Amino acid sequence: MEDLGSLFHGFAVALTWYNIGMMAVGIILGIIVGVLPGLGGPNGVAILLPLTFTMSPTSAIIMLSCLYWGTLFAGAITSILFNIPGETHSVATTFDGYPLAHQGRAGEALTSAFTGSFIGAFVGVLLITFLAPLVAKFALEFGPPEFFAVYLLTFSSFIGTGKDPFKTIIAMMLGFGLAAIGMDAVSGELRMTFGWSELLRGVAFLIVVIGLFGLGEILVSMEEGLAFEGKSAKINMKVVLQTWKKLPKYWLTLIRSSIIGCWMGITPGGATAASFMGYGVAKRFSKNGDKFGTGELEGVIAPETAAHAAGTAALLPMLALGIPGSATAAVLLGGLMIWGLQPGPLLFVEQKDFVWGLIASMYLSNIAGLIIVLSTVPLFAAILRIPFSIIAPIIIVVCAIGAYTVHSAMLDIWFMVAFGIVGYFLKKLDYPLAPLVLSVVLGRRTETSFRQAMLGSKGALDVFWSNALVGTITTLALIMLFWPVVSFAWSKLGQMRAHAIAAKRA
Amino acid sequence: MMRRMRKLSIRTSLLPMCAAALTCSLIAPAQAAWEPTKAVEVIVPAGAGGASDQMARLIQSIVLKHKLMKQPMIIQIKAGASGAEGAMDVQESKGDAHKILVAFSLIYTLPISTGLPLNWRIMNPLAMIAQDEFLLWNNAGSPYKTAKEFLDAVKAAPAGKFKMGGTGSKREDQLINFALNKVYGANFTYIPYKSGGEAATQLVGNHIDANVNNPSENIAQWRAGQVRALCVFSEQRMAYKTKVTKDQSWADIPTCKESGIDVQYQMLRAFFLPPGTTSDQAAYYVDLLRKVVATPEWKEYTERNALKQTFVTGQDFVKFLEKDDAYHHMLMKEAGFAKSK
């Protein structure tokens, strides 16, 4: 195993005091950047990129990838504590994480989120280590029909989260509408901008989410009398250990989400799609599925594990093919090029030292990251002890800063306020927010890949069954979509058979 | 007829320019020249990690390393609506000399395809620092080994059989595709992708049959033997003679014209200041850019990405822009990409 030798060599390179120091700096900066919504991974990496120009490429990439881990970990913190996802992939974490915090179980939720992330990321790194060349080829199998099939699968695994299917569809269509604002990638023309240049960039997903979730939640809480029942939470390191005791119970969810995540990272459906799919699938197949959304640890673990497995696996296509799986990966890619490294099929051959140094640093920084974030759990959970009347204005200010940083635009803050009000009413009227957010995030990509596929096939729908890969995904998606009908028919069939047997016996 | 306009005859105009510059510097008062007083924002109207972003970040690193500017340089990605967001932002920042736009052909095509009031003529042009080449690529496994063989096959095939992928819609890649279809009777169906990187992997994965990527967008796949470079859409072959793949250098790739396909296209890489900025301010940045392109890092970068080295500023740059604009205008109109009113 020549590669393993290179990996251990990589460990030796990464484990100098200087590099370990860089790791800690990277992770802490990453957490800070990740906690502020809007100032997410890509911005953080971009801001710090110039700092690394004077370092050796190895130290620089170690620091930047630690920053990447830091932001990944930190995304869960605001989702759980304040219902504000810092990153797109932590939206699904709010569904159960925030109710848990409300019940005074923020420590448990944070611990399981971090641990789930760690496991997901670890599986992702293992995958990169052992299957890099094989898996990289798989990404090439994905053309427009395959991408569409994957997005369809994400949507179908998520449909039916609301009680009322019509409300779900209305929320989803609203999301599609919002996603369509801006330039249409296929025709190159502007849609729904009404000649207003501020609308050119479209409505950023984060603005929608900060408004709907963050502000909307605060409005609802205010109405309920400024109460926040997280105060009495036990907050010490014991919580961490107690939570760890519970986690093995969820082994099936962990494995399932890791697989979904790795697969989505490579294909590259991305961490956001992975987290939604991880949540949706866990909800459907878990014994406690119907309790999801009310504060189930499993509902925190499922999306976090999937998101991180995907986030990690997404680095593989970047290194091996030169296509970034996420915006942060894209900025990292730019960094690599400045150091004179050309990501692509030859990177693994020509820059062995660098690649294995990076992979080794991924193992180390993941472990270092877990230790650092776990030790901050009591600190973050303690924030909830602050009275709501003090914390609420702070959250609103943080939301506003976050909304502003996305595009440095004042208008985005007004949008955020508007979405906050919309979020309040949707909640009052019992519309599910998750499908809306999902279609804001994935709507545009879904639409574009569908239309690309249609351009290629001249409008023939059979392109979605044109090979084994896309056929399988599409069929799976359709089964998931009609799962309630399928399972109903299945049980009916079972009953009929039972009747038949009973009839025979009689 | 689809010939690209000839480069301006720079030589003839160089003499009076130098003379003017000399007298200018002699009679200029001894006051301090303009300098940035706060951080300079570099607006990138394209995606993170793309060619414009990489170039901006490289310049940032050169400026930092050689201490060419006292103030820091910040890179801002404003990629919304195919870059219209960034370009409009600079156009609307009247008089703000701490903001510069990394420009490419979007300044010509976007106003035509979208009807946006974007107009490079009201901005303050600094300099063109390079030109990007476009090549015709196919999958290395394809049986068509030369541009002519390939395009003859595409011509003979029914419409929709051969797919060409490219960056975005109604932009440079689709214009080249249109020109190929028109000049040579090729029969490509154009499929727009998000970026050249995506078009590159889609070609390797055989989801499309060709792309017209820049050298930098396909180099990794070319070196790995996954794609084949058929011809370059320029008047002359590229200058770089160092072997990039096992047996080919950029200079070994024939021009499309040599192969009997008379289509030419190159894309400017240039910088603009917002409208209402002064010539002193422009002079500062032109000087800065001149220093940047003289560094070994820049030379290495242009060679690695097979960019055509050039440095055009002042009146020559404006003349170039006018001709280039006219060429794009003509192509866009013929292709029917102009927004219907």
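Leaving out residues up to four places away in sequence, A:Phe464 touches A:Pro145, A:Ala149, A:Val470 and A:Thr474, where two residues are in contact if their C-beta atoms, placed from the backbone, lie within 7 Å. This is a predicted model, in which local features need pLDDT of at least 70 and side-chain atom pairs count only at pLDDT 80 or more, while totals for chains, interfaces and linings use all residues. Residues are numbered from 1 along each chain as its sequence is written, and chains are lettered from A and ligands numbered from 1 in the order in which they are written.

A:Phe464 sits in the loop between α20 (434–457) and α21 (468–481) of chain A; helices (H or I, at least four residues) and strands (E, at least two) are DSSP runs, numbered from the N terminus. With 22 other C-beta atoms within 10 Å, A:Phe464 is buried (20 or more such atoms within 10 Å make a residue buried, 12 or fewer exposed, and counts in between partly exposed). Its C-alpha atom is separated by 9.5 Å from that of A:Pro144, 320 residues apart along the chain.

Helix α13 of chain A is mostly covered, with 17 of its 17 residues buried.

Within chain B, the C-alpha centres of domain 1 and domain 2 lie 26 Å apart. Their contact takes 15 residues from domain 1 of chain B and 15 residues from domain 2 of chain B. On the domain 1 side, the elements giving two or more residues are α4, β10 (266–273) and α11 (314–335) of chain B.

Between the chains, the contact takes 43 residues from chain B and 42 residues from chain A. On the side of chain B that touches chain A, α2(B) gives the most, with eight residues. That side has 13 nonpolar, 19 polar and eleven charged residues, with Ala, Val, Leu, Ile, Met, Phe, Trp, Tyr, Cys and Pro counted as nonpolar, Asp, Glu, Lys and Arg as charged, and the others, Gly among them, as polar.

Key:
Domains from an automatic or database assignment.
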